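Consider how charged side chains pair across and within helices in the structure below.

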Amino acid sequence: MALKRGLSGVNRIRGGGGGSRSAIVVSVFLCVFAPLVFFFFVGRGVLYIDSSNDYANASVKQSLDWRERLAMQSLRSLFSKEVLDVITASTADLGPYSLDSFKKNSLSPSWREVEVDTSFRNPQENQTASSILNAKRDTTSKGGSHQKVETPEKLYRRQLREKRRERRANELVQQHNDDTILKLENAAIERSKSVDSAVLGKYSIWRRENENDNSDSNIRLMRDQVIMARVYSGLAKLKNKTELLQELQGRIKESQRVLGESTTDSDLPRSAHDKLRDMGQVLAKAKMQLYDCKLVTGKLRAMLQTADEQVRSLKKQSTFLAQLAAKTIPNAIHCLSMRLTIDYYLLSPEKRKFPRSENLENPNLYHYALFSDNVLAASVVVNSAIRNAKDPSKHVFHLVTDKLNFGAMNMWFLLNPPGKATIHVENVDEFKWLNSSYCPVLRQLESAAMKEFYFKADHPTSGSSNLKYRNPKYLSMLNHLRFYLPEVYPKLNKILFLDDDIIVQKDLTPLWEVNLNGKVNGAVETCGESFHRFDKYLNFSNPHIARNFNPNACGWAYGMNMFDLKEWKKRDITGIYHKWQNMNENRTLWKLGTLPPGLITFYGLTHPLNKAWHVLGLGYNPSIAKKDIENAAVVHYNGNMKPWLELAMSKYRPYWTKYIQFDHPYLRRCNLHE
């Protein structure tokens with residue numbers, strides 16, 4: 001072999017002749033073999049510098065072809081097959097030697113090349129370079145069959161991988177876009193829900209400025225500045241920055257003076273912009289001197305907690321005032337009651353009697369039960385029922401009131417008789433059979449525990465959540481008299497019970513023709529999907545309640561109820577009421593009121609009436625449809641916003657006031673007006 005022969009010859013020269021011969025051999029090697037090696041690597045494309053000028057024309061390609069052939073012929077005669085295989089294997093995977101390959105493999109720190117951006121080449125140059133490189137690779141593969149070439153299978157797999165990467169990238173981009181759109185849609189839906197739910201009871205939502213998100217920006221900015229100024233004032237005081245503290249406090253006072261009671265930007269004075277600018281400058285100064293993220297965060301958290309406590313306190317106070325307003329009787333109505341009472345007791349006994357008393361126990365007529373201590377409210381109920389009745393002469397009204405309003409109630413209807421209808425007024429305090437030995441609720445109301453619950457101000461359960469149960473109506477037997485209808489009217493078969501906060505808009509005589517199917521109570525159900533069911537009124541953690549009632553049973557409403565007094569007596573409804581009222585002496589089954597014991601007493605004994613007979617919610621719900629109200633036979637102002645109070649909803653009040661004669665002398669003297 002040539003390489004071995006050359007080495008043996010060198011050894012013979014070195015052994016026999018000395019240093020001059022070895023120098024001659026080295027010189028010959030460099031002169032003869034070095035060009036051949038150079039031509040081999042250049043011809044094979046193993047060593048090259050990427051330059052578009054080297055491949056500018058086809059003559060270069062021809063020159064490379066004959067140089068490659070010459071180099072291969074010379075090297076095959078000099079090197080063994082093993083040496084050539086090693087060179088081929090070392091370049092098969094990495095490609096030909098170049099500046100890029102040295103740079104990628106970090107062969108030496110000196111091989112560093114400044115990145116050249118070829119993205120600005122024109123398409124023709126890029127295409128030319130690509131074609132030359134492809135031609136070079138083809139030539140290389142033809143010139144040396146021993147060099148490893150990418151097989152079609154590998155090329156196909158590489159193309160598949162590239163396509164999969166591209167498809168996956170497109171999917172990720174599309175998924176990102178879809179997720180973004182979905183998030184935006186969900187956010188819009190949630191925003192619309194929050195706006196819809198915010199309408200009820202939030203009067204500020206109707207303000208004109210809320211229609212534009214950018215409205216009143218100066219008002220909001222000034223308020224935000226005041227908040228931050230208070231934060232920095234606390235920090236300035238903490239760090240003894242007296243001068244800055246005084247400046248901040250002065251700006252706060254000026255901003256508050258400018259704000260005043262303004263609610264819109266148009267209410268602000270002309271100096272507001274100057275105050276905004278001045279406050280901004282002071283805040284910038286304070287931020288440079290005092291800003292500390294931890295301290296500012298702590299101060300804002302403390303202010304937020306204080307504001308939250310103030311909101312809770314104001315809510316509690318608002319609830320208390322609303323309940324107080326609902327409990328009280330306006331001065332005008334109190335004046336009316338007093339004047340009527342005085343005039344009634346000035347009448348002779350003969351003039352205090354109502355006509356047609358023979359109709360009071362006639363079961364063939366239409367009888368109404370109305371228990372009230374409000375003269376004006378009772379007059380509206382009777383007047384509206386008579387005005388809409390087809391034959392008023394067949395209607396009989398049984399009114400029961402307390403001794404304080406007994407004279408006023410009699411006097412009003414003596415002065416304003418209900419046409420051909422019959423009316424009778426009684427005093428609940430004259431029902432001698434209604435005493436604490438017979439009536440459990442009377443006995444409980446007289447107990448020390450109940451008095452403490454109602455009258456002890458510092459009672460632990462006297463919070464705002466229980467205020468509505470501390471209403472004086474729960475202490476009045478007028479509220480519980482509805483459970484004793486057969487005792488009050490023993491000779492009647494059916495009676496229609498009405499609350500005093502309703503008005504009648506249609507003839508109610510068809511109610512007496514409704515078949516109750518053996519039930520005792522005919523009422524309109526009030527349950528929706530999950531509202532006004534038994535679990536809202538009763539304590540189902542108590543085993544007595546849990547064993548006997550269904551928590552999902554539908555509730556119904558008092559206010560307009562048709563009672564079959566025959567079935568009442570047959571099923572001993574009053575006895576059932578007494579049983580459960582005795583069990584609830586400690587208020588563990590329900591709190592207070594008459595609806596929970598009514599639901600229990602008439603459980604399974606209530607016939608549902610058509611909802612058009614009785615529409616509720618005019619005392620608390622501002623979103624009842626006008627069509628539903630006008631089509632209803634009876635509308636009910638249940639809730640705190642009674643129509644005779646100042647806090648009544650103005651849009652519902654005309655339905656009630658149209659049955660009042662405001663030019664009546666008694667009403668004028670007591671300043672009662674629309």
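Lys275 has a relative accessibility of 22% and therefore counts as partly exposed; buried means under 20% relative accessible area, exposed over 50%, and partly exposed in between, with a 1.4 Å probe and protein chains only. This is a predicted model, in which local features need pLDDT of at least 70 and side-chain atom pairs count only at pLDDT 80 or more, while totals for chains, interfaces and linings use all residues. Residues are numbered from 1 along each chain as its sequence is written, and side-chain values use heavy atoms, with hydrogens and water left out.

The side chain of Lys275 meets that of Glu254 in a salt bridge, 3.6 Å from N to O (a side-chain nitrogen of Lys or Arg within 4 Å of a carboxyl oxygen of Asp or Glu). This pair links distant parts of the chain, 21 residues apart, with Lys275 in helix 10 and Glu254 in helix 9; helices are DSSP runs of H or I, at least four residues, numbered from the N terminus. Glu254 is partly exposed at 23%.

Another salt bridge joins Glu247 and Lys285 at 3.3 Å, N to O. Here too distant parts of the chain are linked: Glu247 lies in helix 9 (residues 242–259) and Lys285 in helix 10 (residues 272–290), 38 residues apart.

Glu567 and Arg571 form a salt bridge of 3.4 Å, N to O, within helix 21 (residues 565–571), where they sit four residues apart, about one turn of the helix. Glu567 is buried at 15%, whereas Arg571 is partly exposed at 39%. The structure holds 14 salt bridges.

Key. Helix = DSSP H or I, 4+ residues; strand = E, 2+ residues; numbered from the N terminus.
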